[in-house]
Amino acid sequence: MDITTSAALEASGVRPTLGRKIRAYITLTKPRVLELLLVTTVPVMILAQGGFPNLWLVLATVIGGSMSAGSAATFNMYLDRDMDAHMQRTEDRPLVTGEVTPRGALIFAWVLAVGSTVWLLITTNPLTAGLSVAAIFFYVVVYTMLLKRRTEQNIVWGGIAGCFPVVIGWSAVTGSLSWSAAILFVLVFLWTPPHYWPLSMKYKNQYDEVDVPMLGATRSGSQVGLQVILYAWATVACSLLLIPVGPMGLVYTASAVVFGGWFIYESHRLYNRAVRGTEPRPMRVFHASITYLTLLFVAIAVDPLLPF
């Protein structure tokens, strides 16, 4: 915490404490994103094993994956701190408020990056560690540094980083990759745009103010809605490919059809409201996308444990 922030906190009656400092560093790792890591990694490990994998392996993979994702998120906040200061959605982040210094954040990011790589190399295998490094590279270099401020398709290709937890989980169990892992990777890749574009619609004005060309901010509601529909259909179609390749049983099959149908319905609803000129309510699709992916991966975890 810098002197200015420390003085401001004391003036407001809030004394800077170790606990506050720890919470600030935890915030840098974007804990809500780490929840998605758990949702996608552990079920894939169960599927790869065909049952419950070794609990120590699961714990080691989750710890390493969390460190890796936390590193990428911290690098992202370090690089975007100038932009975050001008957006209401991000103005309370630790690097903006001064609770964490840029130097402290950068050191923290590198410690997590190196630590996660070494940890996964020791506790899992070289392939898993390598995939973890690739995930950090894609999120920090490809997305944050190269694409985010240059193209409205940024989240499409930069979102590849969010696909890595599924292949990390698979490789941790098997030491290799497979067609099932590839399908799950593509599934998350296709899901990311219809998940994030509604959020960028919600904060369109804030993205405009900082000149970040998110598609949800640069196109009309109907254009964004149409893109969301196309990607939602593609996501659900990809989820169905896992049924014969997995092969998957009744629980996953029913879940992919029912929850996928609901996700598509919400996407069409967004588009229809935008075309009619009414409030499209993009956050409804944003939250629906999270629920859809969570329920689908719960089904992925449950399906191998049942005899049908």
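Is Glu152 buried or exposed? I looked this up before anything else, in what is a predicted model. Glu152 counts as buried, because its relative accessibility is 18% and the cut-off for buried is under 20%.

**Entry: salt bridges**

I asked what Glu152 pairs with. Glu152 forms a salt bridge with Arg219, and their closest N and O atoms are 2.5 Å apart. The two come from distant parts of the chain, 67 residues apart. I found Glu152 in the loop between H8 and H9, and Arg219 in the loop between helix H13 (215–218) and H14. Arg219 is partly exposed, with a relative accessible area of 35%.

I then took the total, which comes to seven salt bridges. Next I looked up Lys148 and Asp80, whose side chains meet at 2.7 Å, N to O. This pair also links distant parts of the chain, 68 residues apart. Lys148 sits in the loop between helix H8 (126–147) and helix H9 (154–158). Asp80 sits in the loop between helix H4 (55–79) and helix H5 (81–84). Lys148 is buried at a relative accessible area of 7%. Asp80 counts as buried too, at 1% relative accessibility.

Arg284 lies in helix H16 and Glu266 in helix H15, so the pair ties together parts that are 18 residues apart in sequence. Arg284 is partly exposed, with a relative accessible area of 39%. Glu266 is buried, at 4%.

**Entry: helix H15**

I checked the length of H15, residues 250–276. Its 27 residues should span 39 Å at 1.5 Å a residue, and the end C-alpha atoms are 39 Å apart, so the two values agree. I listed its buried residues, among them Tyr252, Phe263, Ile264, Glu266, Arg269, Leu270 and Arg273. Which helices do the buried residues of H15 pack against? They pack against helix H11 (179–202), helix H14 (221–245) and H16. After H15 comes Gly277, with a positive phi near 85°.

**Entry: Gln223**

I found Gln223 in helix H14. Gln223 counts as partly exposed, at 39% relative accessibility. Its side chain reaches the backbone nitrogen of Ser220 at 3.2 Å. I also compared Gln223 with Tyr271: they are 48 residues apart in sequence and 8.1 Å apart in space, C-alpha to C-alpha.

I looked for a cis peptide bond and found one joining Gly246 and Pro247, with omega about -15°. Pro247 lies in the loop between H14 and H15.

Lys30 has a phi of about 55° and is found in the loop between helix H2 (18–28) and helix H3 (31–49). Lys30 counts as buried, at 14% relative accessibility. Arg281 has a positive phi near 50°. I placed Arg281 in the loop between H15 and H16. Arg281 is partly exposed, with a relative accessible area of 42%.

**Entry: nonpolar patch**

Phe52, Leu250, Val298, Val302, Leu305, Leu306 and Phe308 make a nonpolar patch of about 650 Å². I placed Leu305 in the segment after helix H16 (282–302). Leu305 counts as partly exposed, at 38% relative accessibility.

Notes: Residues numbered from 1 in each chain as written. Predicted model: local features only at pLDDT ≥ 70, side-chain atom pairs only at ≥ 80, totals over all residues. Heavy atoms only, no water. Patch = residues over 30% accessible without salt bridge, like charges linked within 9 Å, V, L, I, M, F, W, Y side chains within 5 Å. Areas by Shrake-Rupley, 256 points an atom, 1.4 Å probe, with all protein chains shown as cover. Salt bridge = Lys/Arg side-chain N within 4 Å of Asp/Glu carboxyl O. Helix = DSSP H or I, 4+ residues; strand = E, 2+ residues; numbered from the N terminus. Buried < 20%, exposed > 50% of the residue type's maximum accessible area, 1.4 Å probe, protein only. Expected span 1.5 Å × (residues − 1). Contact = heavy atoms within 4.5 Å. Polar contact = N/O pair within 3.5 Å; in protein donor to acceptor, adjacent residues only side chain to side chain.
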